Amino acid sequence: MPVRLPRRLFPLYQRLERSAQILRYLFVEITQRCNLACLHCGSDCSSQPQLDELSTVEWEHFFDYLGANADVSRLLLVVTGGEPLCTPELPRLLRSLARNQLTFGMVSNGWALDAAMLNRLVDHGLSSMTISLDGLADTHDWLRGRAGSFERALSAISTVVQARIPNFDIVTCANPRNYDQLPALRGLLGEVGVPAWRLFSIFPRGRARKNPEVQLSAPQLSRLLAWIAQSRRGTNTSPFIQWSCEGFLPDAVDRQVRDEPFFCRAGINIGSVLCDGSISACPNIPRTLVQGNIRSDDFFDVWDNRFARFRDRSWMASGDCKGCREWKRCQGNSLHLFDEVAGGSLLCHRKLSASTPA
């Protein structure tokens, strides 16, 4: 993360980051296979791949390319999916990462993460781990679409805590069903020894797009942000809690729920290679914003020369964003919320949170 700056200097920092365009985080979506069937999945993942996924050999060649062309001391790979632990030849990919001295983190649902698997990951360069937990047992299993997923995730969390992975956090998709469970879930995470917890709202893409059951109402989001702010001020701060990087919020709210002001870094510091080789910014953004493919293009040539629209987002000043007084700081909200059909943001967190107490 960047060095913390006074908030008044943050706009200058953002301009410098956009002009420097230094790749710090690279998401590698090694598969869209998944062992769960989450109601909110933005990628419509399933037990079998739906796209022409890169072969193990192709991923190995790409990791060799990164080892030869990237400053591996400044680059963190984030291995994701789907569920990355569903990758059939994961051991070969781990050896390739280690051979090229590529440090990586992983995002997992925890179903297949036991002590033996965690040790294998650590031995090959794992430096951070994120596990999803979306409520207490009934609610988590409902959202994740598989009975027993809560117990599996909780077991995986305990395993990671005991292993003392240096950068470990839990992410929770806040939704109407787990809304009232969040205080109890926080207590459970504290008992287990989880150091950090991030919450975010489910964004309307993929399976969640037409499912009102998973969308927070404006009053719910407002009260949730107020609860997060109160929790961060309290004497019991375990686990450390904050709102995720998703979504622009009014400064009076933002400073209470996050350590860093909102900044969508997609295409600025963050890039991704999707499971079929597509080169993009954040893996959650629409595929209409793909800029190339590692099967035919040089990744760093694409990063240096085709990502201009991610760094100058004036084209996003449309719909409700056009003429908004917060445009300079918001820049159209998170890029993964941009609706390429309607030409505007799918979700305005600033409006939804307008009634949040300062």
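Analyst: Two strands are taken to pair if DSSP finds at least two bridges between them, and the elements themselves are DSSP runs numbered from the N terminus, with helices (H or I) of at least four residues and strands (E) of at least two. The model is predicted, so that local features need pLDDT of at least 70 and side-chain atom pairs count only at pLDDT 80 or more, while totals for chains, interfaces and linings use all residues. Residues are numbered from 1 along each chain as its sequence is written, and side-chain values use heavy atoms, with hydrogens and water left out.

The sheet is open and has ten strands with mixed pairing, in the order β7-β6-β5-β4-β3-β2-β1-β8-β9-β10. Because β7 (240–243) and β10 (292–293) each have a single partner strand, they stand at the edges, and one side of each is left without a neighbour in the sheet. Strand β8 (residues 270–273) runs antiparallel to β9 (residues 278–280), to which two bridges join it, and within this pair S272 stands opposite S280 in β9.

Against the sheet, helix α2 (residues 56–69) lies across β1 (25–29), β2 (76–80) and β8, and runs at about 170 degrees to β1; contact here means heavy atoms within 4.5 Å, and the angle, on a scale from 0 to 180 degrees, is taken between N-to-C directions of axes fitted to C-alpha atoms, for helices over the stretch in contact.
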